[in-house]
Amino acid sequence: MNRPLTFISVAAAGLVAYAVYFDYTRRNDPKFRKSLKKRAAKMEKEKEIATKIADTVKTKVIKEYLIKNLVANPPPSDVQQKELYFLEQISMGERLSPDPSLELEAAMCFYKALAVYPNPTDVLGVYKNSVPENVFEIIERMIKIQNPATVDKLSDALGTEAQADDIPKPQSDLD
């Protein structure tokens, strides 16, 4: 007989025997079943913790980006400028949204457009149907972080804080 064929047959028989043994043990040994359940529960907890940490980090990154961008580029306050700004931000967001590496920038454009629109709930409904899901999720997080209706007040408040932060503070002697 051919040696490779014999080797493959023995390996396959060993694999089948192990699978049968594992299945028998899984079904009939209560300690083994309990250890499998514990292992599965532990993996589920670790996965849940990792998901929460990732969600927290993502929210923190979005919040920092949102605040910095709103302070650096506040939306206009004039009605005619708001209309032009709205159209500009929507078109820029539509151009950026297909690129996965520019999701945050696209969401920021859509958020700014939402902030200057008189009835944001209407625009949000349109976003839900037309904006990619991952970008829409970022927009929702931005709305939870900062209500678009209060962006003008935020820009003013943070602008004065940023100017106060620019003033150098005396450092104390560490000796």
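Two residues are in contact when heavy atoms of each lie within 4.5 Å. By that criterion, and not counting residues up to four places away in sequence, Tyr85 touches Asn73, Pro75, Pro76, Lys112 and Val116. The structure is a predicted model, in which local features need pLDDT of at least 70 and side-chain atom pairs count only at pLDDT 80 or more, while totals for chains, interfaces and linings use all residues. Residues are numbered from 1 along each chain as its sequence is written, and side-chain values use heavy atoms, with hydrogens and water left out.

The protein contains 7 helices and 0 strands, where helices (H or I, at least four residues) and strands (E, at least two) are DSSP runs numbered from the N terminus. Along the sequence the pattern reads α-α-α-α-α-α-α. Of the 175 residues, 25% count as buried; here buried means under 20% relative accessible area, exposed means over 50%, and partly exposed lies in between (1.4 Å probe, protein chains only). The protein exposes about 13,200 Å², of which carbon and sulfur atoms supply 59%; accessible areas come from the Shrake-Rupley method with a 1.4 Å probe, and for residues only the protein chains shown count as cover. Among contacts with a separation of 6 or more, residues 24 or more positions apart account for 64%.

The buried residues of H3 are Tyr85, Phe86, Gln89, Ile90, Gly93 and Leu96. They cover an arc of only 135 degrees around the axis, which puts them on the same side of H3; the arc is that of the directions from the helix axis to the C-beta atoms. An α-helix has 3.6 residues a turn, so residues three or four places apart point the same way. On the other side of H3, the exposed residues are Gln80, Glu83, Leu84, Leu87, Glu94 and Arg95. The buried residues of H3 pack against helix H4 (103-116) and helix H5 (120-130).

Tyr85 illustrates the buried side of H3. Its relative accessible area is 12%, and therefore Tyr85 is buried. The C-alpha atoms of Tyr85 and Cys109 are separated by 9.9 Å, although the two are 24 residues apart along the chain. Pro74, in the loop between H2 and H3, is partly exposed, with a relative accessible area of 44%. The C-alpha atoms of Pro74 and Lys112, 38 residues apart along the chain, are separated by 8.7 Å.

Attention now turns to H4. This helix has 14 residues and reaches 20 Å from its first C-alpha to its last, close to the 20 Å expected at 1.5 Å a residue. H4 is mostly covered, with 13 of its 14 residues buried. A nonpolar core is a set of buried Ala, Val, Leu, Ile, Met, Phe, Trp, Tyr and Cys residues joined through side-chain atoms within 4.5 Å. The largest such core has 27 residues, of which Phe110, Tyr111, Tyr127, Val131, Val135, Ile139 and Met142 touch the most other members. The elements giving two or more residues to this core are helix H2 (30-72), H3, H4, H5 and helix H6 (133-145). H4 provides the largest share of this core, 11 residues.

Phe110 touches Ile90, Gly93, Glu94, Ser97, Tyr127, Val131, Val135 and Ile139, not counting residues up to four places away in sequence. One of these partners, Ser97, lies in the loop between H3 and H4. Ser97 counts as buried at 11% relative accessibility. With neighbours within four places in sequence left aside, Ser97 is in contact with Ala106, Phe110, Pro132 and Val135.

A last feature concerns aromatic rings. Rings of Phe, Tyr and Trp (its six-membered ring) pair if their centres lie within 6.5 Å; planes under 30 degrees apart count as stacked, over 60 as edge-to-face and the rest as tilted. The whole structure holds 4 aromatic pairs. Phe22 and Phe32 form an edge-to-face pair, with 5.5 Å centre to centre and 90 degrees between the planes. This pair links Phe22 in helix H1 (residues 3-28) to Phe32 in helix H2, 10 residues apart. Phe22 counts as partly exposed at 34% relative accessibility. Tyr18, Phe22 and Phe32 form one aromatic cluster.

How values were computed
The expected span of a helix is 1.5 Å times one less than its number of residues.
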